[in-house]
Amino acid sequence: MKSQIRLATVFGVELGLHYSWLIIALLITFSLAAQFHATNAAWGEGVIWTSAIVTGVLFFAGLFAHELSHALVAKARGVPIHKITLFLLGGMAQIEGEPSNPSTEFWMGIVGPITSGVLGLLLLGVARAFGWQGSGAPATPGLAILVWLGYINLLLGAFNMIPGFPLDGGRVLRAILWWITGSARRSTLIAARTGQVVAVLFIGYGVFRFFAGSGIGALWTAFIGWFLLQAAGATYLQSQLGTLLAGQRVRDLMSTDSPFVSPDTPLDQFVHDLLRTGRRCFFVGSADRLLGLITPQDVRAIESEKWTQMRVSDAMRPVNRIHFVSPDMPALEALETMAREDVNQLPVTIDGRVAGVVTRAHILQSLQLRSEMAKYDAHGSAA
Ligand SMILES: [Zn+2]
C-alpha cells in the first residue's frame with residue numbers, strides 16, 4: 001500500500017488516499033454533473049459544477065467517517081492502528097496485529113456500516129426537514145447534494161455488510177464463526193471462501209446482465225466482483241501462510257553470520273566480492289557502529305559506468321532509512337513488513353546491536369519445507 005497520498009492525522013491515525021481514488025473522484029464529479037444537467041438544467045453551468053464538486057468532496061468525508069469509526073473502535077479496544085488508506089471501493093483500515101477476541105472483531109467490523117447507515121439516514125432526514133418530498137428530483141442544489149450523499153452512504157453501508165472477506169460483513173461473519181468454533185484461523189478461511197463465492201456471484205450476475213442488454217453498469221458489477229475475488233483470495237492465502245508459519249519467529253529463521261564491509265570500499269570491488277561470495281546483504285561499518293546496509297538492489301540503482309568512481313558509502317541505504325526488527329517478531333509479520341517496505345531483507349537487532357538478518361528467501365524456504373511436511377502429515381494420518 002505504498003501508492004498513497006497523505007492527507008491528515010486525526011487522533012494519531014494517519015489518513016491517506018490510494019491513487020485509484022483520483023480516478024473515482026473524477027468519475028463521481030463528472031457523472032454527478034451529467035445527472036444535474038439532466039434533472040436540473042435550469043441551474044446553469046456554474047451551479048451544476050460547484051454542486052458536483054462539493055458532493056464529490058463530501059462523499060470522501062463520508063468514507064473517512066466510516067474508516068475512522070473502524071479505527072476508533074480498534075483503538076478503544078487496544079488493537080494498534082496508525083494508518084487508514086482509502087482504497088478502491090471504500091477504505092481499508094491498516095490494522096497492525098489481529099484483534100484478540102471475537103467481540104473486538106465483531107464491533108470493529110460492524111461499526112463501519114453502522115456509521116455509513118446512520119450518516120445516510122441523517123442526511124436524508126435533514127433533506128426532508130428542508131423541504132425534500134422524499135421522492136423525485138430535489139429542487140435546489142443544497143437538497144440535491146444532501147439526497148445524493150444520503151443514498152450513497154446508505155448504499156455504502158449495505159454493500160459493506162455483504163458477508164465476504166475482506167468487506168466489513170466478512171469481518172462480522174468471521175467474528176461470529178470465531179465465537180462459535182473457537183478457532184480464529186478456521187473462521188478466517190471460511191469467511192475468505194465465502195468472500196470468493198460472493199465475488200463469483202457478482203461476476204456471474206454482472207456478465208449475465210451485460211449480455212441481457214443492461215449496458216456498462218452491469219460491467220461495473222462484474223468488475224467489483226473481480227476486485228472482491230482478488231482481495232478474498234489474498235486473505236485466504238495469507239491465512240494459510242499464517243497456519244504454516246505459526247509459532248515461527250525471526251530468531252528461528254535469521255542468519256547470524258552477516259558479512260560487514262567498510263564504507264570506503266570502492267563500489268566495483270564490492271560488486272566483485274558480491275559475485276564471489278554469493279551473499280545478498282552486507283552491513284556497512286561494524287556491529288558497534290553500523291552505518292548502513294547494502295544489497296544488490298542498491299547497487300543496481302547506480303549505472304555501472306560510475307561504479308569505479310564510487311564507494312560503498314555512496315550507494316548504501318543509510319542507517320536512518322533501515323527498518324530494524326526484533327528477533328521476537330513473528331515470521332509472518334516480518335514477511336508482511338518486507339512486502340510493505342518493498343525490501344528483500346530485514347536486519348535484526350538485539351539491544352541496539354546488529355544480530356543478523358532475515359530474508360524473504362529464508363522465510364520462503366521454511367514455508368516450502370513446512371508445506372511439504374504438512375502434506376506428509378496429511379498422508380500419514382489418512383493412512
Ligand atoms: Zn468498513
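Among contacts in the protein chain between residues at least 6 apart in sequence, what percentage join residues at least 24 apart? The figure is 60%, where two residues are in contact if their C-beta atoms, placed from the backbone, lie within 7 Å. This is a predicted model, in which local features need pLDDT of at least 70 and side-chain atom pairs count only at pLDDT 80 or more, while totals for chains, interfaces and linings use all residues. Residues are numbered from 1 along each chain as its sequence is written.

**Overall layout**

- The C-alpha trace of the protein chain spans about 75 × 65 × 45 Å along its principal axes.
- The protein chain has 13 helices and ten strands; helices (H or I, at least four residues) and strands (E, at least two) are DSSP runs, numbered from the N terminus.
- Of the 383 residues in the protein chain, 32% are buried. A residue is buried if 20 or more other C-beta atoms lie within 10 Å of its own, exposed if 12 or fewer, and partly exposed in between, with C-beta atoms placed from the backbone.
- The domain assignment gives domain 1 (4–161), domain 2 (182–244) and domain 3 (250–367); such bounds come from an automatic or database domain assignment.
- The centres of domain 2 and domain 3, taken over C-alpha atoms, are separated by 38 Å.

**The four-strand sheet**

- Strands in the order β5-β6-β7-β8 make an open sheet with mixed pairing; two strands pair if DSSP finds at least two bridges between them.
- Its edge strands, β5 (260–261) and β8 (317–318), each pair on one side only.
- Strands of a sheet pair through backbone hydrogen bonds, either parallel or antiparallel.
- The pairing of β5 with β6 is parallel, over two bridges, and Val 261 has Val 284 in β6 as its bridge partner.
- A right-handed β-α-β unit is made by β5, helix α9 (residues 267–277) and β6. A crossover is right-handed if, with the strands pointing away from the viewer, the path from the first strand over the helix to the second runs clockwise.
- Strand β6 (residues 282–285) pairs with strand β7 (residues 290–294) in the antiparallel sense over four bridges, and the two form a hairpin with four residues between them.
- Within this pairing, Phe 283 has Leu 293 in β7 as its bridge partner, and Gly 285 stands opposite Leu 290.

- Six bridges join strand β9 (residues 345–350) to strand β10 (residues 353–359) in the antiparallel sense.
- Val 348 is placed opposite Gly 356 in β10.
- Two residues lie between the strands of this hairpin, where Asp 351 takes a positive phi near 50°.

**Helix α12**

- Helix α12 (residues 331–341) has Ala 331, Ala 334 and Leu 335 as its buried residues.
- Seen down the axis of α12, these buried residues fall within an arc of 100°, so they line one face of the helix; the arc is that of the directions from the helix axis to the C-beta atoms.
- Exposed residues Arg 340 and Glu 341 sit on the face of α12 turned away from its buried side.

**Val 197**

- Val 197 belongs to helix α6 (residues 184–214).
- This residue, Val 197, is partly exposed, with 13 other C-beta atoms within 10 Å.
- Val 197 and Thr 115 are 82 residues apart along the chain, and their C-alpha atoms are separated by 26 Å.
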